[in-house]
Amino acid sequence: MSPDTPSLDLATLDWNKGDSGLLPAIVQHSRNGQVLMQGWMNAAALQQTLDSGKVTFFSRSKQRLWTKGESSQHWLLLQTVATDCDRDSLLLQALPQGPTCHLGCASCFGEAAQFDSGFLGRLDALVARRERERPPGSYTTRLFEAGVRRIAQKVGEEGVETALAAVAQDEAALVGEAADLLFHLTVLLRARGLSLADAVAELERRQR
């Protein structure tokens, strides 16, 4: 997707505020709105971001342009960019190609910025943490270590059991099987590098 920048004129941005020539740039996940990180951009960094499609900042510690992912290959692929009403800060929507934070987290703001739809959001975050940390003795760890094929098999089994419960068992049994299905589906998505947020984003897209 090309950056949606028809109204963005770099010359009209307030680069002189603070006498630094830098504007704060917030990056959000373009599919679920999760805040990924905040950095700083000068005009050259923003222009390179627009030209390359990869989010590039001005590093105040390195004193040079720095493309997120240049060492890790965990790029932030630009989708859209906008400015606030004062034209002195930037909001970028991007697709992360791996963890954004150098600590291996999806967001530099930690779990507080995770996708959230009530408990399902917290479950999604927990499964992501289990996939990353692989604590011994965890059932979720055993699933991840068994691989995608085995996880997919479990989703199939739970789907059949949910369908059977719907036609032959009581409400409590159906709820229990549906819970098992949702859990294993969450694990399967994460094993493929996806999340519940991606499925929710697809549902939202279909409603447009």
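**View 1. R87 is a partly exposed residue, with a relative accessible area of 23%.** (Buried means under 20% relative accessible area, exposed means over 50%, and partly exposed lies in between, using a 1.4 Å probe and protein chains only.) Look for R87 in the loop between β5 (76-83) and β6 (90-96). Although R87 is not a glycine, its phi is positive, at about 60 degrees. Please keep in mind that this is a predicted model, in which local features need pLDDT of at least 70 and side-chain atom pairs count only at pLDDT 80 or more, while totals for chains, interfaces and linings use all residues. Residues are numbered from 1 along each chain as its sequence is written, and side-chain values use heavy atoms, with hydrogens and water left out.

**View 2. Q63 sits in the loop between β3 (56-59) and β4 (64-67).** Helices (H or I, at least four residues) and strands (E, at least two) are DSSP runs, numbered from the N terminus. Here is another residue to check for its backbone angle: Q63 is not a glycine, yet has a positive phi of about 55 degrees. With a relative accessibility of 54%, Q63 counts as exposed.

**View 3. T83 in strand β5 has L8 among its contacts.** Along the sequence T83 and L8 are 75 residues apart, while their C-alpha atoms are 7.5 Å apart in space. If neighbours within four places in sequence are left aside, T83 is in contact (heavy atoms within 4.5 Å) with L8, L13, D88, S89 and L90. T83 itself is partly exposed, at a relative accessible area of 23%.

**View 4. Q73 lies in the loop between β4 and β5.** Between the C-alpha atoms of Q73 and Q97 there is a separation of 7.6 Å, and the two residues are 24 apart along the chain. Q73 is partly exposed, with 44% relative accessibility.

**View 5. Helix α4 (residues 148-168) meets helix α5 with the axes within 8 Å.** Two packed helices are described by the angle between their axes and the distance between the axes. The axes of α4 and α5 cross at roughly 160 degrees, which makes α4 roughly antiparallel to α5. (Axes are lines fitted to C-alpha atoms, for helices over the stretch in contact, and angles run from 0 to 180 degrees between N-to-C directions; under 35 degrees counts as roughly parallel, over 145 as roughly antiparallel, 65 to 115 as roughly perpendicular and the rest as oblique.) Among the residues making the contact are V148, I151 and V155 of α4 and L174, L181 and L188 of α5. By class, the contact of α4 with α5 has 14 nonpolar, three polar and five charged residues. (Ala, Val, Leu, Ile, Met, Phe, Trp, Tyr, Cys and Pro count as nonpolar, Asp, Glu, Lys and Arg as charged, and the others, Gly among them, as polar.) The crossing of α4 and α5 is left-handed; that is the case if the near helix is turned anticlockwise from the far one by less than a right angle, and a crossing is right-handed if the turn is clockwise.

**View 6. Helix α2 (residues 119-133) crosses helix α5 (residues 171-191) at roughly 50 degrees.** Their axes come within 10 Å, and α2 and α5 are therefore oblique to each other. This crossing of α2 and α5 is right-handed. From α2, the residues L123, D124, V127, A128 and E131 meet F183, T186, V187 and R190 of α5. Five nonpolar, one polar and three charged residues make up this contact.

**View 7. Helix α2 also packs with helix α3, at an angle of about 60 degrees.** The axes of α2 and α3 are 9 Å apart, and the angle makes α2 oblique to α3. In a right-handed crossing, α2 passes α3. V127, R130 and E131 of α2 meet T140, T141 and F144 of α3. These residues divide into two nonpolar, two polar and two charged.

**View 8. The whole structure holds two aromatic pairs, and one of them is Y139 with F183.** This pair is stacked, at 6.2 Å centre to centre and 25 degrees between the planes. (Rings of Phe, Tyr and Trp, the last by its six-membered ring, pair if their centres lie within 6.5 Å; planes under 30 degrees apart count as stacked, over 60 as edge-to-face and the rest as tilted.) Y139 belongs to helix α3 (residues 139-146) and F183 to helix α5, so the pair ties together parts 44 residues apart in sequence. Y139 is partly exposed, with a relative accessible area of 35%.
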